[in-house]
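Some readers like to meet a new structure through a series of careful questions.

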Amino acid sequence: IALLQYHALPSYYTFGQFQTVSNPVRTMASGNGGPFGVNVTAFGNSVNVSTGLVNTPVNSAVYSQSPVAVYQVDKVLLPEEIFGVKPPAAAPTPEPGAPVSSPAVSPSGTSASGASSSSACGSMAALAKGL
């Protein structure tokens, strides 16, 4: 139900009123942290809605007569409060058959460049704990 409520605003907005709205715009959905919001940006006759996970244009009014307005959007608005923070982009996949290079590690635990392999592992562990 919260996902449907996230697509509804508690006030009537004409397309022109999106030009001056203050962000974040409160939606009908709420959780433990309070009401969920969306960010609305307008440039000329274009209006865009962003949730932090999804960014989509508001294309046109399907129906607009006070007190109800229904606008067409191209994507489902996914609130961060429900779906979490957007994950980082995946690393590019190497082309098939491309050589994979890795530093040579000597028995002493140092690479050809003199870096210690144990310190690299420690850095990865610290990085993993931060996630």
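**Strands, rings and surface**

Reader: Does Val 38 count as buried or exposed?
Author: The relative accessibility of Val 38 is 4%. Because buried means under 20% relative accessible area, exposed over 50% and partly exposed in between (1.4 Å probe, protein chains only), Val 38 counts as buried.

Reader: What kind of model is this?
Author: Residues are numbered from 1 along each chain as its sequence is written, and side-chain values use heavy atoms, with hydrogens and water left out. Local features need pLDDT of at least 70, side-chain atom pairs count only at pLDDT 80 or more, and totals for chains, interfaces and linings use all residues, the model being predicted.

Reader: In which strand is the place of Val 38, and which residues does Val 38 touch?
Author: Val 38 belongs to strand E2, which covers residues 34-43. Contact means heavy atoms within 4.5 Å, and residues up to four places away in sequence are not counted here. On that basis, the residues touched by Val 38 are Tyr 6, Asn 23, Pro 24, Val 25, Thr 27, Val 49, Ser 50 and Thr 51.

Reader: Over how many bridges do E2 and strand E3 pair?
Author: Two strands pair if DSSP finds at least two bridges between them. E2 pairs in the antiparallel sense with strand E1 (residues 25-31), over four bridges, and Gly 31 stands opposite Gly 34 in E2. On the E3 side (residues 46-50) the sense is antiparallel as well, with Asn 39 having Ser 50 as its bridge partner. The number of bridges between E2 and E3 is five.

Reader: Which residue in the hairpin of E2 and E3 takes a positive phi?
Author: A hairpin through two residues joins E1 to E2, and the hairpin of E2 and E3 has two residues between the strands. Most residues other than glycine have a negative phi. In the hairpin of E2 and E3, the residue with a positive phi, near 65°, is Gly 44.

Reader: Which proline is joined to Asn 23 by a cis peptide bond?
Author: Most peptide bonds are trans. A cis bond, with omega about 15°, joins Ser 66 to Pro 67, whose place is in the loop between E4 and E5. Another cis bond, with omega about -5°, joins Asn 23 to its partner, which lies in the loop between H1 and E1: that proline is Pro 24.

Reader: How many aromatic pairs does a search of the whole structure find, and how are the rings of Tyr 13 and Phe 18 arranged?
Author: Rings of Phe, Tyr and Trp (its six-membered ring) pair if their centres lie within 6.5 Å, where planes under 30 degrees apart count as stacked, over 60 as edge-to-face and the rest as tilted. The search finds five aromatic pairs. The rings of Tyr 13 and Phe 18 have centres 5.6 Å apart and planes at 20°, so this pair is stacked.

Reader: How many residues apart in sequence are the parts tied together by Phe 18 and Tyr 71?
Author: Phe 18, at 7% relative accessibility, counts as buried. The rings of Phe 18 and Tyr 71 have centres 5.4 Å apart and planes at 70°, so the pair is edge-to-face. Phe 18 lies in the loop between helix H1 (2-6) and E1 and Tyr 71 in strand E5 (residues 68-73), so the parts tied together are apart in sequence by 53 residues.

Reader: Which residues make the nonpolar surface patch?
Author: Accessible areas come from the Shrake-Rupley method with a 1.4 Å probe, and for residues only the protein chains shown count as cover. Strand E4 (55-65) and E5 each supply at least two residues of the patch. The patch, of about 350 Å², is made by Val 62, Tyr 63, Val 68 and Val 70.

Reader: With which residues is Glu 81 in contact?
Author: Glu 81 has its place in helix H2 (residues 80-83), and with a relative accessible area of 47% it is partly exposed. Leaving aside neighbours within four places in sequence, the contacts of Glu 81 are Phe 36 and Gly 37.

Technical notes
Patch = residues over 30% accessible without salt bridge, like charges linked within 9 Å, V, L, I, M, F, W, Y side chains within 5 Å. Salt bridge = Lys/Arg side-chain N within 4 Å of Asp/Glu carboxyl O.
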